[in-house]
Each structure stands twice: as structure tokens, then as C-alpha cells.
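Here is a short tour to read with the structure open beside you.

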Amino acid sequence: MELTARYTDGLVADVRDVICRLEPEGTGQAIVITDLQSRDELDRWNAADVFPLHARRHELRIGVSGKPYGARLSFNGFEPARDATAALPALAVKHRQDRGKQYRLVGLATAALASVVAAYVVGVPLLAGSITDAMPPQWEEGLGQTVVAQVEQALKPEAGFEVCDTDPNSLANRAIARFAAEVVAGTGTPFKPDIQVIRTKIPNAFALPGGHSFYFSALLDKTESADEFAGVMAHELGHVVHRHGMEQLISTSATGLLIGFILGDMTGMSVAGGLGAALIDTRFSRDAEREADRFSSDAAKRMGFDARALMTLLERVDKDDGMSRAFALLSTHPLTAERKAELERLAAPDPNATPPFTPEEWQAIKSMCGAPANTPIAPVGPDKMNRNR
Amino acid sequence: MTVTESDGRIARVEFSGARSELFGILTRGYLLMVPTLGIYRFWQTTWKRRFYWQNTVIDGDPLEYTGNALQLLVGFLFALAFFLPVYIAFFYLSTQAGEIALIGYGVIGVIIWFLLGYALYRARDFRLSRTLWRGIRFNQHGNAWVYALRRFLWSLAMVVTLGLIFPAMCADLWRYRTNNSWYGDRQFRWTGTWKTIAGPYYRMYAVLAVLAAGIVALVATRAGGADTDTLGPVLTIAIIGFILVAGLAWFYWRSREATRMFSEVWVGNARATVKVRARALFGQFALYLLALIGVSILLSAVAGVFMTGTLTQLAALPAEPTDEQFAALFGSSWTTIALLIGGYLIGLAAFALVGEVFLGLGYWMLVARGATISDADSLRGVRATAEDRSLVGEGLADALNVGAY
């Protein structure tokens with residue numbers, strides 16, 4: 001059988017129309033390539049050494065090992081391509097081999113990536129903790145200062161941001177400072193807690209890296225007992241002691257890196273990356289909330305207030321609905337019902353402990369911002385705001 | 001652009017690929033990216049290039065792309081080594097405030113801008129050295145760092161001169177790239193100067209500058225005058241007009257650029273001549289817009305079906321649904337998130353796909369079909385050179401997401 005083809009020898013860019021013929025040679029066969037016009041023999045290829053190359057439709061393009069890199073035969077048209085494929089069984093074999101190799105490569109690379117993801121999901125919470133421990137506390141304090149400025153800037157025009165009682169020696173401020181010092185006593189935290197009550201329309205309380213914590217007047221208006229106040233404050237100080245702000249910064253950065261790896265967009269600007277990152281980060285965030293709840297409940301046990309009061313307040317300002325259940329995975333906080341169950345399991349106050357605040361102190365705290373003049377603009381739960389971003 | 005060589009046969013360039021074929025390659029690629037966590041993108045790129053290359057038929061013989069996905073994958077891993085320090089720097093800066101952060105981000109931005117030039121040059125090197133025509137490989141010499149520096153310094157000059165120096169930059173970079181390109185043992189040559197592209201560029205520049213100045217003058221006079229309330233609508237119309245003119249000017253510019261710059265490329269005695277018309281380019285863009293509208297309608301329809309399903313269930317709820325009934329609508333949290341991410345990724349892939357099939361392929365087809373090569377027979381004497389040093393993937397280019405084809 002003779003087939004016409006285009007032939008290059010891989011040495012010179014002089015393409016030729018040729019005739020290919022199969023001839024027995026040794027134990028196998030050889031493709032004898034002769035010039036279409038002159039019928040001079042140009043080359044002989046071992047039929048077992050040919051391999052297929054990618055080509056446009058209705059073209060069979062083959063190369064051969066043992067010859068120059070660019071040596072090619074090209075069979076153009078449906079029939080010539082089909083006939084050549086049939087005549088050269090080595091092509092089908094090599095094609096299968098190459099396909100198998102590509103499958104294995106894709107599989108291997110995917111498996112490698114999957115294990116990186118798995119290692120990340122398991123490892124980063126652990127790693128973020130120990131990296132956080134290695135971070136100098138001054139650094140975290142500096143970070144906290146920056147965030148304080150940002151929070152102030154964000155809140156001032158709309159909801160207001162004003163320290164309620166500027167006298168550090170007032171009854172209320174002294175009581176709060178004493179309470180905070182007691183809560184963190186014995187935890188070995190390098191930070192000096194600094195709690196400020198701020199006049200603003202947003203019902204919230206949160207802690208920032210480096211020890212700064214805020215309790216907003218709109219939340220204070222809804223706080224009905226000293227135990228509620230103590231529970232929330234202890235929860236926020238839990239974030240400070242466990243350095244959750246720093247930890248989250250580290251895990252967010254690591255997540256960005258991972259998502260970039262998957263999407264191949266190392267500049268990390270894509271929205272998909274953001275969504276994926278949020279999904280993973282919020283998991284850490286919920287873990288952090290649980291840890292802060294445990295801290296609060298330990299403090300409650302030690303200092304003789306009711307840890308469940310935290311939940312009473314939380315339920316008053318923040319109710320779970322269908323929507324929040326549907327988006328629970330994207331929420332930075334565990335569901336209220338879940339936290340309540342956990343706290344009730346943990347809580348058992350020491351009956352011999354003295355309460356954290358005297359009735360006079362609690363009255364002073366409650367009236368720090370004057371009468372409850374502002375109605376809250378939105379029922380945002382405590383600590384709903386980001387702590388550090 | 002007159003071709004001075006009258007001797008020698010003029011060869012044609014054709015493009016034999018169909019949009020549907022590229023559509024198939026890309027769709028399959030995006031689908032396979034899901035189970036492979038995105039790793040398949042290196043294979044998709046390889047298949048896409050094979051499509052472009054093997055359908056570009058120069059003087060009867062197609063180009064051949066000899067690169068493979070593994071090379072791209074390895075290149076990407078190399079690029080990661082560069083990005084880790086950048087990430088750590090970003091992390092550090094995110095904890096800093098004020099000037100330090102500002103300066104830090106600025107410095108990183110400048111570094112990335114500089115490296116982009118390096119990446120672009122390396123990516124071109126990778127593609128050329130994996131391109132075969134008539135069994136002979138293309139290649140690129142020169143130094144990627146030198147190219148990056150040139151590009152960087154030119155871009156500084158661009159800022160200083162408000163873009164007026166662009167034709168000179170364009171010519172210099174084209175010359176560097178082209179003169180360092182080889183086909184086998186024969187060197188490419190670029191014979192243009194800054195004047196090659198100066199006419200179209202300055203015409204476009206002047207029109208846009210006059211329009212912009214007009215808008216500024218309008219704002220200045222109106223702002224001083226009494227009737228400030230009409231300023232808003234007038235300004236909106238002026239800006240929309242500006243964007244429309246800028247869009248049309250861009251098509252004019254791209255077509256002139258392709259025509260004039262490519263037509264200064266020589267390989268030995270063979271010279272390329274390319275004719276791309278602005279209206280043909282605009283035609284491709286119009287097709288793109290139509291496809292975009294079509295895809296948007298399709299996606300909204302699919303999303304609508306999902307939404308309608310939910311709304312029907314919502315309407316079927318009792319007047320005062322319990323939390324459980326309400327929550328059941330959204331299924332579990334995981335389904336909600338999966339739908340959200342799935343929908344987003346489908347949208348992203350669909351728009352990228354339309355862009356590639358209509359804009360990317362459209363431009364390539366116009367340039368290929370508008371090209372001829374004079375004295376093509378002089379290329380028959382080109383000889384192969386020794387194996388090139390092995391280039392590792394496209395590295396930075398892949399990671400930075402540059403290099404269109």
C-alpha cells in the first residue's frame with residue numbers, strides 16, 4: 001500500500017510531498033519515504049518507533065524516535081489519515097500510553113493538591129496558634145492601635161463614637177478595670193486589658209488585638225444585669241488572652257495562599273478566592289468564639305457570676321432564623337442555640353465566690369452613658385463586627 | 001506599507017479552526033477543573049494552544065505546538081517560590097498602619113510590575129521554543145531581565161510624558177522581542193521605527209485629549225455658573241460619549257497596530273504583511289457582545305428556575321411559618337454554600353469562555369487570515385539548530401496570569 005504525505009526531515013525547512021510504503025525490515029517493518037516526483041528514497045523509518053502527534057481534523061501527524069526532533073510525516077485528508085493509522089499499529093499503542101500517562105499525571109497532581117488542602121485544613125489552626133505565640137506582643141499592640149483608629153473612623157459619622165466616661169478614676173471605670181484585671185489574672189497574657197464604654201447606636205461589644213475592648217452603649221442599654229455585662233466582657237477578654245485577632249490574621253493569609261494555589265491566581269484578587277477564603281476562615285472564627293465562650297464560663301466559675309447570663313443577653317439581641325441557619329457555614333459565630341447548649345453544659349458557678357460587681361458599681365456602669373437616649377438602628381448581636389479586619 | 005520585494009512567491013496564511021471546536025476544548029477543560037481542584041487548567045491551556053497552533057496554516061503547513069502540561073505545572077511550582085515571600089510581606093503589611101503600609105504596598109506593586117516584564121518575555125520564549133513549522137523550531141534569545149528593565153524604564157517614561165512617548169516604547173520593545181526571535185538558524189528582524197505607529201497613536205491621543213479637556217472645561221464653567229443642577233446629567237452624557245469614542249478609537253488603534261507592527265517583521269528575506277481592518281475587529285467585538293448577552297440571559301434563566309422553585313415553596317408556606325419550615329427551604333447550610341459557589345464558578349467560566357471564543361480567537365483569526373508572506377521560498381533553506389536549553393514552564397507568567405494565548 002502506498003500513501004502520499006508531507007515530509008520534513010527535521011534538519012531543513014524544506015517540506016516535500018512524498019510516497020510512503022511499508023517494507024519488511026529485520027524482524028519488523030520500515031516506512032520507506034520516497035520523493036513523489038523523482039521517486040528517490042529520502043528516508044526510512046522504523047514502523048515500530050513512530051508516535052502520533054496532535055493535529056487538526058483530518059490530518060494524521062507522526063514523528064519517530066531515533067531521528068531528528070522535527071522529523072515529521074503528515075497525512076492529509078480523512079482517508080489517508082485513516083489508512084495510515086490502520087497500517088501503523090504502533091500509533092494506537094503509543095496514543096494509549098500517552099493518554100494513560102496524562103491521566104496518571106492529572107491524578108497524581110490532584111492527589112498532591114488534595115493532600116495540601118487537607119493538611120491545611122487540619123494544620124493551620126494548630127500552626128496559627130504556635131505562630132501567634134511567636135509573634136511579639138508589641139506588634140500585636142501596634143496592630144490593635146491601627147484597628148482602633150479604623151473603627152473610630154468607620155463609626156463616627158453614622159453611629160457616633162465617643163468615650164462615655166473619660167475619668168479613669170470614676171466608680172464605673174475603676175470597677176471595670178478591676179474586673180478585667182481579675183479575669184485575666186493568672187492567664188499569663190502579655191496584654192494589659194483596656195475596656196472602654198463607647199456611646200454609639202450599634203449594639204455590640206468586641207475585643208481588638210493587643211487588649212483594647214469596647215462595650216457599646218446601645219448594648220449596655222439592653223444589658224439587664226451585672227452578670228450579663230460580666231459574661232460579655234469575659235468573653236471578649238477571652239479573645240484578647242487567646243490572641244484570636246492575630247491568629248485569624250495568620251489563618252486568613254494562609255487561606256489566601258491556598259485559594260490562590262487552587263485557582264492559579266496568585267495575585268489573589270479574584271472573588272472566588274474571597275468566597276472560598278471566607279468559608280474556611282469563618283470556621284476558625286467560630287472555633288475562636290467557642291474558645292472565648294469557654295474562657296468566659298471559666299471566669300464565671302472562678303468569680304461567681306452566672307455564665308448563662310451571656311446567652312440571655314445574646315438571645316435578647318440576636319435570634320436565629322432560617323436564614324442564619326442556611327448560611328451558618330458563612331457565619332463568623334456559632335448559632336445562638338448551639339452556644340447556649342454548650343454554655344449550659346459548662347456553667348456551674350462557685351456559690352462561695354463574691355459577685356464581680358457591687359450593686360452600686362453596676363448602677364454606675366449602667367448609667368455611664370447617661371439615660372438610654374438612642375434607639376438601636378439594627379439588632380446586631382454582640383461581637384458581630386469583625387475584631388480585626 | 002508597500003512591499004518592496006517584487007521577486008519571490010507570496011504565501012498565504014490560513015486559519016482552519018472552528019469556534020465550536022475551541023468551545024468544546026474550553027468546556028471540557030472547565031468541567032474537568034472541578035474534580036481536579038483546578039489542576040486541569042495546565043492541560044486546558046495545552047489543548048487550547050494545540051488548537052490555535054495546529055489550525056494556523058502557513059503556506060500549506062500548520063504550526064505545531066510541542067509543549068506539554070507537565071512543563072506548565074512545574075513552571076507554576078517554581079513561580080510559587082517567588083510568591084511565598086511576597087505573601088509573607090503582604091501579611092506583615094496587613095498588620096502595619098499608615099505610611100509603612102502604603103510604602104510597602106507601593107514597593108511590592110513596583111516589584112511585581114517589573115517582574116511582569118520578565119514573565120512576559122519568558123512566556124514568549126517558552127511558546128516560541130515549543131513551536132515547530134516544517135519540522136524546524138522557533139526560538140528566542142536575549143535576556144529576560146534586560147527586557148524587564150527596558151520595559152520598566154519605558155513605563156516610567158510613559159508616566160512622566162503622560163503617554164506621549166508610547167510609540168517609541170512600543171517600537172523599542174517590538175524590536176527587542178523580534179530581533180531576538182529565531183526560526184531555526186535564521187534571525188527575525190523588525191524594521192519599524194517609532195514612526196511606524198506614531199500616526200494612529202497620536203490621532204487617537206489627540207481626539208481623546210480634546211474630548212477630556214472639553215469635559216474638564218465643561219465642569220469648570222458650569223461649576224462656577226449658576227445652573228449647577230443641570231451639571232449632573234450633562235456630565236453623565238459627556239462621560240458616556242467619551243467612553244464610546246474611546247472604545248471606537250481602541251478598535252482603530254488595535255487594527256492599525258496589528259497591521260503596521262506585524263508588517264515590519266522579517267525572517268531573512270521573507271517578510272510578513274498583515275492587514276487587519278478596524279471594522280472587522282469591531283465585528284468580532286459585536287459578536288462577543290451578542291454572545292455575552294446570550295450567556296447572561298441563559299444564566300439568569302437557570303438562576304431564575306432555581307429561584308422560582310424556592311419562591312413557590314415560600315408561597316406554599318403557612319402564614320406564620322415556624323423556623324424549621326423556613327429553614328427547610330434552604331436545605332442544609334452545605335447545599336446553600338455549594339449552590340452559591342457553584343453558581344459563581346459557572347458564571348466565571350461562562351464569561352471567560354465567551355471572551356476566549358469570540359475576542360481571543362477572533363483577533364487571532366483576523367491577524368492570521370490577514371497575513372501573507374513575501375518570498376516564502378527563501379525559508380526553505382532554514383536549518384535546525386541544536387536543542388534549546390530546557391525552559392521550565394512559563395513560571396511567573398502562569399502565576400501572574402499573563403499571556404493571552
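## A helix pair in chain B

In this predicted model, helix α1 (residues 19-33) of chain B and helix α2 (residues 41-55) of chain B have axes that come within 9 Å and cross at roughly 175 degrees. Axes here are lines fitted to C-alpha atoms, for helices over the stretch in contact, with angles from 0 to 180 degrees between N-to-C directions. Helices (H or I, at least four residues) and strands (E, at least two) are DSSP runs, numbered from the N terminus. α1(B) and α2(B) are therefore roughly antiparallel to each other, a label for angles over 145 degrees.

Which residues meet? From α1(B) come E21(B), L22(B), I25(B), L26(B), G29(B) and M33(B), and from α2(B) R41(B), Q44(B), W47(B), K48(B) and F51(B). A contact means C-beta atoms, placed from the backbone, within 7 Å. The residues of this contact comprise 6 nonpolar, 2 polar and 3 charged; Ala, Val, Leu, Ile, Met, Phe, Trp, Tyr, Cys and Pro count as nonpolar, Asp, Glu, Lys and Arg as charged, and the others, Gly among them, as polar.

## Chain B as a whole

Chain B holds 12 helices and 10 strands. Of its 405 residues, 29% are buried, which takes 20 or more other C-beta atoms within 10 Å of a residue's own, while exposed takes 12 or fewer and partly exposed lies in between. Among contacts in chain B with a separation of 6 or more, 74% join residues 24 or more positions apart.

Is G199(B) buried or exposed? With 12 C-beta neighbours inside 10 Å, G199(B) counts as exposed. G199(B) sits in helix α7 (residues 195-224) of chain B.

## Nonpolar cores

A nonpolar core is a set of buried Ala, Val, Leu, Ile, Met, Phe, Trp, Tyr and Cys residues joined through C-beta atoms within 7 Å. The largest has 54 residues, and Y215(A), F216(A), M233(A) and L237(A) have the most contacts inside it. Helix α6 (residues 226-241) of chain A supplies the largest share of this core, 9 residues. A second, separate core of 34 residues includes W133(B), W182(B), A272(B) and L281(B).

The mean pLDDT (the predictor's confidence in each residue, from 0 to 100) of chain B is 84. Over residues 1-6 of chain B, pLDDT stays under 50, as over residues 401-405 of chain B. Where pLDDT is low, the predicted coordinates should not be read in detail. For the complex, the predictor gives an ipTM of 0.81 and a pTM of 0.78.

Residues are numbered from 1 along each chain as its sequence is written, and chains are lettered from A and ligands numbered from 1 in the order in which they are written. Local features in this predicted model need pLDDT of at least 70 and side-chain atom pairs count only at pLDDT 80 or more, whereas totals for chains, interfaces and linings use all residues.

How values were computed:
Contact = placed C-beta atoms within 7 Å. Parallel < 35°, antiparallel > 145°, perpendicular 65-115°, else oblique.
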